[in-house]
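Biologist: Please take a close look at the charged side chains. Which of them pair up, and where do they sit?

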Amino acid sequence: MMNYARFTTLAAVKNLTVEQLDFLLDSESNSIGALLLHFAAVEFAYQLETFEKRDLNDEEMLIWGAALNLGQEGREAIRGNDLNYYVEKLNEVRARTYDLFKNVDDDWLDQQEDFWNGKQANYYFMWFHVFEDEINHRGQIRMIKKRLQI
């Protein structure tokens with residue numbers, strides 16, 4: 001499911017220019033580039049949360065914070081990158097996800113932990129959220145593309 005979500009995301013952004021990746025619909029929107037980096041940041045954060053049982057540290061927040069937070073921080077920090085930059089980041093993080101999943105079995109997916117607001121969730125749901133977030137934001141990407149009239 002994660003691979004299919006990524007396949008359709010990459011198809012949606014194929015051949016976009018830096019200008020198109022940086023385009024903002026208005027002063028409150030996120031760019032396509034920022035959303036792509038957000039996908040990588042969310043996946044990285046879930047790697048830490050589910051496999052290392054920790055949040056991002058200060059050094060990691062310097063790298064990923066703007067992409068996690070988006071908004072004004074993302075608009076200012078995430079600009080001027082070509083599509084290859086974003087695809088490389090997505091691929092780097094996904095390769096680490098594959099390596100981490102090699103160390104657990106399917107029973108691990110059923111393990112429950114405190115998640116949102118102290119409620120229990122299993123790792124399957126947590127990782128579902130990783131690609132569910134990507135699918136949701138991919139809808140934004142498609143809307144932005146329509147406004148670009150590509």
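Modeller: Here is a walk through the salt bridges, then a charged patch.

This is a predicted model, where local features need pLDDT of at least 70, side-chain atom pairs count only at pLDDT 80 or more, and totals for chains, interfaces and linings use all residues. Residues are numbered from 1 along each chain as its sequence is written, and side-chain values use heavy atoms, with hydrogens and water left out.

The structure holds 8 salt bridges (a side-chain nitrogen of Lys or Arg within 4 Å of a carboxyl oxygen of Asp or Glu). One of them joins R96 to E52, with the closest N and O atoms 2.6 Å apart. R96 lies in helix 6 and E52 in helix 3 (residues 32–52), so this bridge ties together parts 44 residues apart in sequence. Helices here are DSSP runs of H or I, at least four residues; strands are runs of E, at least two. R96 is partly exposed at 28% relative accessibility (buried is under 20%, exposed over 50%, partly exposed in between, with a 1.4 Å probe and protein chains only). E52 is partly exposed too, at 32%.

K53 bridges to E113, the closest N and O atoms being 3.8 Å apart. K53 sits in the loop between helix 3 and helix 4 (58–69), E113 in strand 1 (residues 112–114), 60 residues apart.

E60 meets R54 at 2.8 Å, N to O. E60 is buried at 12%, whereas R54 is partly exposed at 28%. Bridges with shared partners also join R6, E43, R94 and E134 into one network.

Now the patch. D105, D106, D107 and D110 gather in a patch of negative charge on the surface (residues with over 30% relative accessible area and no salt bridge, like charges joined within 9 Å). D105 is in the loop between helix 6 (83–101) and helix 7 (106–109).

Key
Patches are made of residues with over 30% relative accessible area and no salt bridge: like charges are joined within 9 Å, nonpolar side chains (Val, Leu, Ile, Met, Phe, Trp, Tyr) within 5 Å. Accessible areas come from the Shrake-Rupley method with a 1.4 Å probe; for residues, only the protein chains shown count as cover. Lys and Arg count as positive and Asp and Glu as negative; His and the chain ends are not counted. The place of a charge is taken as NZ of Lys, CZ of Arg, CG of Asp or CD of Glu.
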